[in-house]
Amino acid sequence: MLVHPTIDPVALKLGPVSIHWYGLTSLVAFALFLWLASLRVKQPQYAAKGWTRRDVEDLLFYGVLGVVLGGRLGYVLFYKASYYASHLGEVIAVWKGGMSFHGGLIGVIVAMAVFAWTRKRPVMEVWDVIAPCVPTGLASGRIGNFINGELVGRAADPSLPWAMVFPRHDQVPRHPSQIYQFLLEGLLLFVLLWWYASKPRQRGQVSGAFLFGYGLCRFIAEFFREPDDFLGLLSLGLSMGQWLCVPMILAGIAMWTWASRQPKEVGA
């Protein structure tokens, strides 16, 4: 049985400025996106359509706005709607914590649709460009969760070699679910999706594969992650995270199937 090291959430102090580990992992996520997306737009099927490094930088700007706004609103609506209905002033209090990946995903989808509209590009083409570049950012975020000892796993058999006690939470041996998610929805999804997207695909297939792949990986990981204490498990013994993954999985299958039946693009 392992014990989670107590790590100061502040990685570095420069006078009055405190730099948190989660902020550093976010910077790593942004840097990885810029690098991977820059490689992505150099692939023949996108280079031929005029994609540039400037487009990638603008995509990151739109994406960050989508993640922050969508993530916060998603948390408010999906997890604590009744609470925030009577505490409207706290809706914008992101510094108190509370972000939803699924809300952030919706925010990014909308932000990319706005980007596509302003650049007169097919929205699915934009989604396909960024989809393989997202999992490394998710992986970086899970490392931040682990360092902070947050979003802990469910209780585990103490004999499990990697069972871990998170002293800031309690003294119960738990699954290090942050690491599970890092490996599943981060590294594994990135490898599979980057490989799949390395060859020209029908418009929408890469996006569909991402939705399905993330939804499935997150659904599995949630079996080892402690559900939110204010929600617990919902119908059929599933967590809120798992129920939010169900429409993702179905939408991914539907999008991929629809895309596969479209006429092949010239040059694709």
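Q: Before turning to helix pairs, how are the axes and angles to be understood?

A: Axes are lines fitted to C-alpha atoms, taken for helices over the stretch in contact, and the angles run from 0 to 180 degrees between N-to-C directions. The model discussed here is predicted, and in it the axes of helix H8 (residues 177–197) and helix H9 (residues 205–221) come within 10 Å and cross at roughly 160 degrees.

Q: What does that angle say about the relative direction of H8 and H9, and what is the hand of their crossing?

A: An angle over 145 degrees counts as roughly antiparallel, and H8 and H9 are therefore roughly antiparallel to each other. The crossing in which H8 passes H9 is right-handed. On the H8 side the contact is made by Gln-181, Leu-184, Glu-185, Leu-189, Leu-193, Tyr-196 and Ala-197, while H9 contributes Gln-205, Val-206, Ala-209, Phe-210, Gly-213, Tyr-214, Cys-217, Arg-218, Ile-220 and Ala-221. Sorted by class, the residues of this contact comprise 12 nonpolar, three polar and two charged.

Q: Why can residues spaced along a helix point the same way?

A: An α-helix has 3.6 residues a turn, so residues three or four places apart point the same way. With that in mind, one may look at the pairing of H7 and H8, where Pro-135, Thr-136, Leu-138, Ala-139, Arg-142, Ile-143, Asn-145 and Phe-146 in H7 meet Gln-178, Ile-179, Gln-181, Phe-182, Glu-185, Gly-186, Leu-187, Leu-189, Phe-190 and Leu-193 in H8. This contact has 11 nonpolar, five polar and two charged residues.

Q: At what angle do H7 and H8 pack, and how far apart are their axes?

A: The angle is about 165 degrees and the axes are 8 Å apart, which makes H7 roughly antiparallel to H8. The crossing of H7 and H8 is left-handed, whereas H8 passes H9 in a right-handed crossing.

Q: Is H6 mostly covered or mostly open, and which of its residues are buried?

A: Buried means under 20% relative accessible area, and by that criterion H6 is mostly covered, with six of its eight residues buried. The buried residues are Glu-125, Val-126, Trp-127, Asp-128, Val-129 and Ile-130. Their cover includes helix H1 (21–40), helix H2 (44–47), helix H3 (53–78), H5, H9 and helix H10 (240–260).

Q: Where do loop residues such as Arg-121 lie, and what does Arg-121 touch?

A: Arg-121 lies in the loop between helix H5 (101–119) and helix H6 (123–130), and Arg-121 is buried, with a relative accessible area of 18%. Not counting residues up to four places away in sequence, Arg-121 touches Lys-49, Gly-50, Trp-51, Asp-55, Ala-116 and Val-126. Another loop residue, Gln-43, is found between H1 and H2 and counts as buried at 13% relative accessibility; leaving aside neighbours within four places in sequence, Gln-43 is in contact with Ala-197 and Ser-198.

Q: Where is Leu-151 found, and is Leu-151 buried or partly exposed?

A: Leu-151 is found in the loop between helix H7 (135–148) and strand S4 (164–165), and counts as partly exposed at 34% relative accessibility. Its C-alpha atom is separated by 7.8 Å from that of Ser-177, a residue 26 places apart from Leu-151 along the chain. Beyond its neighbours within four places in sequence, Leu-151 is in contact with Arg-142, Asn-145, Ser-177, Gln-178 and Arg-225.

Q: What does Met-1 touch, and where is its place in the chain?

A: Met-1 has its place in the segment before strand S1 (2–3) and is exposed, with a relative accessible area of 55%. The C-alpha atoms of Met-1 and Ala-163 are separated by 5.1 Å, although these residues are 162 residues apart along the chain. Not counting residues up to four places away in sequence, Met-1 touches Pro-158, Pro-161, Ala-163, Val-165 and Pro-173.

How values were computed. Residues are numbered from 1 along each chain as its sequence is written. This is a predicted model: local features need pLDDT of at least 70, side-chain atom pairs count only at pLDDT 80 or more; totals for chains, interfaces and linings use all residues. Side-chain values use heavy atoms; hydrogens and water are left out. Helices (H or I, at least four residues) and strands (E, at least two) are DSSP runs, numbered from the N terminus. Angles under 35 degrees count as roughly parallel, over 145 as roughly antiparallel, 65 to 115 as roughly perpendicular and the rest as oblique. A crossing is left-handed if the near helix is turned anticlockwise from the far one by less than a right angle, and right-handed if clockwise. Contact means heavy atoms within 4.5 Å. Ala, Val, Leu, Ile, Met, Phe, Trp, Tyr, Cys and Pro count as nonpolar, Asp, Glu, Lys and Arg as charged, and the others, Gly among them, as polar. Buried means under 20% relative accessible area, exposed over 50%, partly exposed in between (1.4 Å probe, protein chains only).
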